[in-house]
Structures are given as structure tokens and as C-alpha cells.
Amino acid sequence: MFILAAALIVAGVALFVAAPLGIGLVGARAKSSGELQVERHEHDRGLAVQGLRELEFDREMGKLSDADYQSMHKALEDRALTAMAAVEKIRDRADKAANAKKPIVTPRTQARRAAAPAPRRIDPIPTLVVHHEPPQPPQAAPSTTAASRKISFCPECGTRAAIDSKFCAQCGIAIQPMGAAIARSE
């Protein structure tokens, strides 16, 4: 009896330790080809962004000439932007496919829904909900000199970006030029 209990304990520990190496005890969900492509492009973007960070570090340490830096920076930036554009294209296609599967609502369907009585839901315990919003501090109006310079900063990491940049070279997030944001708010 003791040998059987010991064998069961050893088998349980072996399964627990080996679970992360295989599909696990529950099983893994198969990924679609779109998800695999997104992961591959995200990985490629991450490698390019890491390369840009290392390139910047090497330049500041004096290991690269300006010409080498410019050519390598352009290649890495193009690689990151290509990967981000591919991910965005795949996600747009997935969104379009999901929207295509939604049922089309015609005026006749809307009329039927409007004519049908709405189900009544009775709250068993009436409650009073009071929302308190903290006062907002006054915001200063943007100066015209700041708007005319059109300096862009990444909203995620705060890195200064080129005027015509669509993505941050540091973290890869999509950025919006300050001039366009100020023009929309006015």
C-alpha cells in the first residue's frame, strides 16, 4: 500500500513539473493563422525596436559614424513600420470579417423590434445611486507658438518624435502630431 501511494505521489509531481513543457493538463487552444501572423509581426517589431534602442546607445557611445547610424536606423525603422502596418492590416481584415458576420438590420426588422413589447425587469431592491465627480482643474489654453512648431511626443513613453512620424521609434505606438490634436480641440 505504501509503495502504491509513493508511486502516485511521484507520478503527480512528474505531471505537475512536465505540464508547462507540453500542452498542459487542460490543453491548449489552437491559434488561427491570423493570430500566428500577428504574433510573428509583433515579434519582428519588438526586435526592430530593440535594435533601434541599441543603435542609439552605440551612437551615443561613439561606436558608430553618422553615415552608419543613418543607414542602420533607416533599415530598422522601416522594418518596425512594416511589421506594425502588417499587424494593423491583419486586424482590419479580422474586424471586417467579424462585421460581415453580423446580421443586417433592415427597416422591416427595426419596425418589428420596435413593435414588440420590451421585457419588464423589476429590480427586487430599489437603490439610490449617487455619482460624485471630482472637480476638474482648469486647463490652460495652448499657446500659439507651441502649436506652430508642431513638435510630436509619444503619448506612451514621452519620446520626442519627428514631425511626420506615424509611430514612436522608442516604443512603437501610433502617435498623433500635436498640431492636429490642438486643431481638433479648438
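This is a predicted model: local features need pLDDT of at least 70, side-chain atom pairs count only at pLDDT 80 or more; totals for chains, interfaces and linings use all residues.
1. Helices (H or I, at least four residues) and strands (E, at least two) are runs assigned by DSSP and numbered from the N terminus. Residues are numbered from 1 along each chain as its sequence is written, and side-chain values use heavy atoms, with hydrogens and water left out.

2. Let's start with the overall layout. The protein chain has 6 helices and 2 strands. Read from the N terminus, the order is α-α-α-α-α-β-β-α.

3. Next comes the surface. Of the 186 residues in the protein chain, 16% are buried (buried means under 20% relative accessible area, exposed over 50%, and partly exposed in between, with a 1.4 Å probe and protein chains only).

4. A contact means heavy atoms within 4.5 Å. Among contacts in the protein chain with a separation of 6 or more, 45% join residues 24 or more positions apart.

5. Now for a pair of helices to find in the viewer. Two packed helices are described by the angle between their axes and the distance between the axes. Helix α2 (residues 33-60) and helix α3 (residues 66-101) have axes that come within 9 Å and cross at roughly 160° (axes are lines fitted to C-alpha atoms, for helices over the stretch in contact, and angles run from 0 to 180 degrees between N-to-C directions). That angle makes α2 roughly antiparallel to α3 (over 145 degrees; under 35 counts as roughly parallel, 65 to 115 as roughly perpendicular and the rest as oblique).

6. Which residues does H41 touch, not counting those up to four places away in sequence? They are A83, A86, V87 and I90. H41 itself is found in helix α2, and its 16% relative accessibility means that H41 counts as buried.

7. R45 is another residue of helix α2. R45 is buried because its relative accessible area is 18%. Leaving aside neighbours within four places in sequence, R45 is in contact with A80, A83, M84, C171 and G172.

8. K89 and V38 are 51 residues apart in sequence, yet 9.7 Å apart in space, C-alpha to C-alpha.

9. Finally, back to D68. With 40% relative accessibility, D68 counts as partly exposed. D68 and L55 are 13 residues apart along the chain, and 9.9 Å separates their C-alpha atoms.
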